[in-house]
Amino acid sequence: MSSDPAPNPHATAEQVEAARSDPKLANVLYHDWEAGTYDEKWSISYDERCIDYALGRFRAAAPWDGRPYLRALELGSGTGFFLLNLMQAGVAERGVVTDLSPGMVDAATRNAQGLGLDVEGKVVDGEHIPFPDDSFDLVVGHAVLHHIPDVAAALREVHRVLEPGGRFVFAGEPTTVGDAYARRLGQWTWNATTTLTKLPALQGWRRPQQELDESSRAAALEACVDIHTFDPADLERTARAAGFDGVRASTEEFSAAMLGWPVRTFEAAVPPGRLGWNWAMFAYHGWQRLSWVDEHLLSKVVPRSWFYNALLTGTTPR
Ligand SMILES: C[S@@+](CC[C@H](N)C(=O)[O-])C[C@H]1O[C@@H](n2cnc3c(N)ncnc32)[C@H](O)[C@@H]1O
């Protein structure tokens, strides 16, 4: 039987108050609460669309010769978006999905079972990974480092559990410059949408007040769970100090992030299901086209620290 703690998707007001000064508790409560609706909220799927996306992020971060890693660990797996889709792409044969939030670990193991993947789940704090030295040949994470208070300690733990010659890949980390414009664009979109949908003619686009209140409460805890933004050069220095070789931080999404954040905020501000398939295709293809512009044109002239997403990789010495 698993010794993992049980999920707590309905935190009390006292627990939420305590979480304001305890980022790890805030992460557990916020993500336990989000686990049941997370895939829907972030349009996460386990089909070609997200397999391509996950593999694209992996390849943008690190070289891969097409041979599968034998045993992979994911930190901060959430519902399993990154590792499960990478496994479906053939990047790893067996995996362990871990997260600080028991609700997320449950969701990720359920998703893995549904996909028929050879995956275990465990509640793990990235600063203290409860596996012996040299347990894995690959460690991955997506949008997790910025939640971990001591990133240097987490990278030292990743180094310890990786066997010699093993690789880590972290993707989806917000840069400091990117986070500043993404937050501003998101806030403007939220204010404009929730104000305009008060007009009688746009009532059908208004999300029920109770759900909007819940989003605002979530946003209050969100401010406690997002701890860091990163400068790519600092990330590289931290990984080298943890003992890694071949360290490289790359970045992506500049104009794509300027479309993506307003789009995601708008989707959260209107009733679920209101926007439909055409909107989803507009958002996805728009993001794809702008990502192409970012990669092939803007990356040649815009400094890497201005792009929204940072990716980091490195290997342990052989
Ligand atoms: C933004 S979500 C990303 C989830 C998933 N990787 C994805 O991209 O969809 C961040 C995840 O990191 C987890 N997390 C936060 N702090 C953590 C820590 N100290 N150790 C491990 N996981 C943590 C959260 O519970 C949450 O599930």
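Which polar side-chain atom lies 2.7 Å from an oxygen atom of the ligand? I looked this up first. It belongs to His142.

**Ground rules.** I am working from a predicted model, where local features need pLDDT of at least 70, side-chain atom pairs count only at pLDDT 80 or more, and totals for chains, interfaces and linings use all residues. Residues are numbered from 1 along each chain as its sequence is written, and side-chain values use heavy atoms, with hydrogens and water left out.

**Ligand site.** I listed the residues around the ligand and found 21. Gly76, Asp99, Asp125, Gly126 and His142 come nearest. By class, I count nine nonpolar, nine polar and three charged residues in this shell. Here Ala, Val, Leu, Ile, Met, Phe, Trp, Tyr, Cys and Pro are nonpolar, Asp, Glu, Lys and Arg are charged, and the others, Gly among them, are polar.

Next I checked polar contacts, that is, pairs of N or O atoms within 3.5 Å. The side chain of His31 has an N or O atom 3.3 Å from a ligand oxygen. The side chain of Asp125 has one 3.1 Å from a ligand nitrogen. The ligand taken alone exposes 590 Å², and the protein buries 96% of that. Areas are Shrake-Rupley values with a 1.4 Å probe; for residues, only the protein chains shown count as cover.

**Salt bridges.** I searched the whole structure and got 14. The criterion is a side-chain nitrogen of Lys or Arg within 4 Å of a carboxyl oxygen of Asp or Glu.

Asp125 turned up again here. Lys24 forms a salt bridge with Asp125, with the closest N and O atoms 2.6 Å apart. Lys24 lies in helix H2 (residues 23–34) and Asp125 in the loop between E3 and strand E4 (136–142), so the pair ties together parts 101 residues apart in sequence. Helices (H or I, at least four residues) and strands (E, at least two) are DSSP runs, numbered from the N terminus. Is Asp125 buried or exposed? Asp125 is buried, at 18% relative accessible area. Lys24 is partly exposed, at 24%. My cut-offs are under 20% for buried and over 50% for exposed, with partly exposed in between (1.4 Å probe, protein chains only). Glu127 joins Lys24 and Asp125 in a network of salt bridges.

I then looked at Asp4 and Lys122, whose side chains meet in a salt bridge (4.0 Å, N to O). Asp4 sits in the segment before helix H1 (13–19) and Lys122 in strand E3 (residues 119–123), 118 residues apart. Asp4 is partly exposed at 22%, and Lys122 is partly exposed at 27%.

Arg67 pairs with Asp65, the closest N and O atoms being 2.7 Å apart. Arg67 and Asp65 are exposed.

**Backbone.** Most residues other than glycine have a negative phi. I noted Ala143, with a positive phi of about 55°. Ala143 is in the loop between E4 and helix H7 (151–161), and is partly exposed at 25%. I also noted Glu253, with a positive phi of about 70°. Glu253 is in the loop between strand E6 (245–252) and helix H11 (255–269), and is buried at 7%.

Note on methods
A residue is near a molecule or strand if one of its heavy atoms lies within 4 Å of it. A polar contact is a pair of N or O atoms within 3.5 Å; within protein, one must be able to donate a hydrogen and the other to accept it, and residues adjacent in sequence count only if both atoms are side-chain atoms.
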